[in-house]
Structures are given as structure tokens and as C-alpha cells.
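Look through the sequence and the 3D view before reading on.

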Amino acid sequence: MVNLTIWISLVFYASAVAVSFLVTDGMKQLKIYRILWSLGCIFALIHVFCAFKFIHDWNHQIAVKHTIIETERVTGLRFEYGIYFNYLFLLVWTIDCIKLHNAHSNRKIGATHSLWSRFVHIYMLLIIISATIIFEDGFIRYISFISLALLALLFYFSARTETK
């Protein structure tokens, strides 16, 4: 259940980003993007709730230790603050959802719309790449790499279309 919730979240994330590149009608884009983006955030929050309930026994120190062990296993480095980057990920996504729902409905939403949006997407991509490609292996790593490559292609072709 814990892993499923984050993968559902990431599917909504990728879908929202794809919509920002593929849907050209600003109103439709905004409506669909808001729904997908918010669902992604909600499932990420559910993931943390489930992780604390089913894995960490509602104990922050256990969660910190788990993150330290995983980081050391994968990177060989003992880094004690990794969990806080995960918390920041959730905070940034939640703030962005709130900003998005308070935004004027007549503007086009896109992954590169504003400085804030660029920060959100760059930070989130760094965390997602770390979680799905660096810390995962096997099938999940390959699916994640292919999905991110497809989003990068969408971004590239979207940017090319906008400049013409």
C-alpha cells in the first residue's frame, strides 16, 4: 500500500506535466492540470501518512533512521538530513497546489510558466529522479527513466512549437 500510493502520485505528477505540454486550450489545460496536480499531491501526502502508520510506527526518529540507512546503502554516505528534503518536497507541492487553486483561471498553466513554477518543477524532478532512478533498481528504474525521457521530449517539442 505504501509503495502504491507514491506510484499513483507520480503517475498524476507526470500526467499533469504532460497536460501542460499537450493541451493548448488554456481553460481546459488549467482545469485538467489542477485536478491531476492536486491528486498527485494528495496521494503523496497519503503515502507519507501510510509510511508513518505502517512502517515507522508514527515515530519520526525511526523514519529518519530508515532514510539514513537507505541513503548510506545506496550512496555509501551517511547523510542525516535526507528526510527533510522529502518533507520540503511535500511542502513545495502543497504550496504550489494552494497557489494553483488561488490563481486566476484566465492564465495558461505550464511547467515553465513562472520563476516559482520553474523552481517547483526543478526541485520536484531532482527528488523524483533521486527516488525513482538513483534509489530504485530493476524494472522501476527503467520505467522511471523512460517516463522522464518522454516528459523531456514533450518539453523539448513544446518549447520548439512555442518559439515558432
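Helices (H or I, at least four residues) and strands (E, at least two) are DSSP runs, numbered from the N terminus. This is a predicted model, in which local features need pLDDT of at least 70, side-chain atom pairs count only at pLDDT 80 or more, and totals for chains, interfaces and linings use all residues. Residues are numbered from 1 along each chain as its sequence is written, and side-chain values use heavy atoms, with hydrogens and water left out.

**The loop between H2 and H3**

Asp57 lies in the loop between H2 and H3. Trp58 lies in that loop too. Phi of Asp57 is near 50°, a positive value in a residue other than glycine. For Trp58, also a residue other than glycine, phi is positive and near 60°. Most residues other than glycine have a negative phi. Asp57 is exposed, at 58% relative accessible area. The scale runs as follows: buried means under 20% relative accessible area, exposed over 50%, and partly exposed in between (1.4 Å probe, protein chains only).

**Salt bridges**

Side chains of opposite charge can pair when their charged atoms come close. A salt bridge here is a side-chain nitrogen of Lys or Arg within 4 Å of a carboxyl oxygen of Asp or Glu. The whole structure holds two salt bridges.

| Pair | N to O distance |
|---|---|
| Arg73 and Glu70 | 2.8 Å |
| Arg78 and Glu72 | 3.7 Å |

Arg73 and Glu70 are about one helical turn apart, because three residues separate their positions in helix H3. Arg73 counts as exposed, at 52% relative accessibility. Glu70 is partly exposed, with 26%. In the other pair, Arg78 is exposed at 54%, and Glu72 is partly exposed at 35%.

**Two buried residues**

Gln29 lies in helix H2, which covers residues 26-55. Is Gln29 buried or exposed? Gln29 is buried, with a relative accessible area of 0%. A polar atom of the Gln29 side chain lies 3.2 Å from the backbone oxygen of Val23.

Ala16 sits in helix H1. Ala16 is also buried, at 0% relative accessible area. Which residues does Ala16 touch, leaving aside its neighbours within four places in sequence? They are Tyr33, Leu36 and Trp37, where contact means heavy atoms within 4.5 Å. The C-alpha atoms of Ala16 and Lys99 are 15 Å apart, and the two residues stand 83 residues apart along the chain.

**The largest pocket**

Rolling a probe the size of a water molecule over the atoms shows where empty space is left. A pocket is an open set of points on a 1 Å grid over the protein atoms alone, where a 1.4 Å probe fits, with protein on both sides within 12 Å along at least five of seven lines; lining residues have an atom within 4 Å of a point. The largest pocket has about 1100 Å³ of space. Its lining has 33 residues, and the closest to its centre are His47, Thr67, Asn86, Ala131 and Phe135.

Five helices each supply at least two lining residues: H1 (2-22), H2, H3 (60-75), H4 (82-102) and H5 (115-134). Which helix gives the most to the lining? H4 does, with seven residues. By class, the lining has 20 nonpolar, eleven polar and two charged residues. In this scheme Ala, Val, Leu, Ile, Met, Phe, Trp, Tyr, Cys and Pro count as nonpolar, Asp, Glu, Lys and Arg as charged, and the others, Gly among them, as polar.

Notes:
A polar contact is a pair of N or O atoms within 3.5 Å; within protein, one must be able to donate a hydrogen and the other to accept it, and residues adjacent in sequence count only if both atoms are side-chain atoms. Grid points are joined across faces, edges and corners, and a volume is the space filled by probe spheres set on the points.
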